[in-house]
Amino acid sequence: MFGRLVRNIRHHLPQTRTCYVSMMAKKNDTEIKVLDALQEQALKEQCILVNENDDTVGFASKASCHRVCNDTKEVKLHRAFSVFLFNSAGDMLMQRRSEQKITFPDMYTNACCSHPLYDIEEERVATSALGIRKAAQRRLNYELGIPMEQIRPEYFHYLTRIHYKHTGDGVWGEHEIDYILFLQQDVDLNPNLNEVSEIRYIKRNNIDEEIGKLQAPLTPWFELILKERLKIWWDNLQNLNAFEDHHVIQRFL
């Protein structure tokens with residue numbers, strides 16, 4: 001059943017179409033257990049720990065990187081990225097994180113938000129954010145099923161880095177140096193049901209109305225970027241070089 005659902009949404013989405021994935025079908029108990037096991041396995045991946053200057057200082061499991069310390073309420077600072085994907089018409093892709101996600105489940109966010117992994121040597125390469133770009137390619141392929149050749153590392157526009165933190169639900173939180181990547185490309189979509197429950201393109205001139213109609217909250221990083229930077233970046237899709245800053249990390253703490 002899941003295979004049929006995925007195939008049904010494989011074709012390129014019209015600009016205003018909303019595509020529901022996991023909400024279109026009831027999962028039996030066995031299927032839910034398998035999905036939860038996949039998310040638990042992902043927590044064993046090793047993220048890259050950094051200091052406030054984004055220098056690598058070590059590594060830790062994804063679980064350890066997102067656990068809120070009971071005593072200090074702090075979360076380990078680690079490297080991450082956020083991809084903002086636009087089609088040729090300039091509409092932005094949003095996804096709704098699946099209910100199976102352990103961190104920030106069932107929330108709307110940008111096209112892809114994830115981490116370069118210490119386990120993958122090429123994703124540790126800092127020069128020109130190459131490791132970040134390769135990680136973004138890997139995750140867009142895994143989460144949204146976009147063919148690798150449509151999202152080559154050189155296609156991503158590395159804009160800047162932001163430093164933010166959020167204690168989430170008090171158990172799982174975020175504390176990241178987040179690389180902002182923009183990509184304008186018409187892509188084929190084949191979402192992974194374990195990661196994504198809904199995808200939609202939204203228009204720039206309708207963003208406030210569209211966000212206001214959403215039936216679930218925004219992830220804290222997307223809400224922050226939307227409030228502080230996204231609209232001006234979106235208004236300048238053809239002039240992003242003017243907004244590049246690879247030297248100063250923007251702090252929102």
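Ring pairs join Phe84, Phe86, Phe182, Phe222, Trp233 and Trp234 into a cluster. Rings of Phe, Tyr and Trp (its six-membered ring) pair if their centres lie within 6.5 Å; planes under 30 degrees apart count as stacked, over 60 as edge-to-face and the rest as tilted. This is a predicted model, in which local features need pLDDT of at least 70 and side-chain atom pairs count only at pLDDT 80 or more, while totals for chains, interfaces and linings use all residues. Residues are numbered from 1 along each chain as its sequence is written, and side-chain values use heavy atoms, with hydrogens and water left out.

A search of the whole structure finds eight aromatic pairs. In one of them, the ring centres of phenylalanine 182 and tryptophan 233 are 5.8 Å apart and the planes stand at 90°, so this pair is edge-to-face. Phenylalanine 182 belongs to strand S9 (residues 174-184) and tryptophan 233 to helix H6 (residues 220-234), so the pair ties together parts 51 residues apart in sequence. Helices (H or I, at least four residues) and strands (E, at least two) are DSSP runs, numbered from the N terminus. Phenylalanine 182 and tryptophan 233 are both buried, where buried means under 20% relative accessible area, exposed over 50% and partly exposed in between (1.4 Å probe, protein chains only).

Strand S4 (residues 78-86) is mostly covered, with nine of its nine residues buried. From S4, His78, Ala80, Ser82, Phe84 and Phe86 point one way, and Arg79, Phe81, Val83 and Leu85 point the other way. Two strands pair if DSSP finds at least two bridges between them. S4 pairs with S9 in the parallel sense over nine bridges, and serine 82 is opposite isoleucine 180 in S9. S4 and strand S7 (residues 112-114) run antiparallel and are joined by three bridges; here serine 82 stands opposite cysteine 113.

Helix H4 (residues 130-144) has 15 residues and should span 21 Å at 1.5 Å a residue, which agrees with its end C-alpha atoms being 21 Å apart. The expected span of a helix is 1.5 Å times one less than its number of residues. Buried residues of H4 include Ile132, Ala136, Leu140 and Leu144. Among the elements that cover the buried residues of H4 are S4, S7 and S9, with contact meaning heavy atoms within 4.5 Å. Glycine 145 follows H4 and has a positive phi, near 70°.
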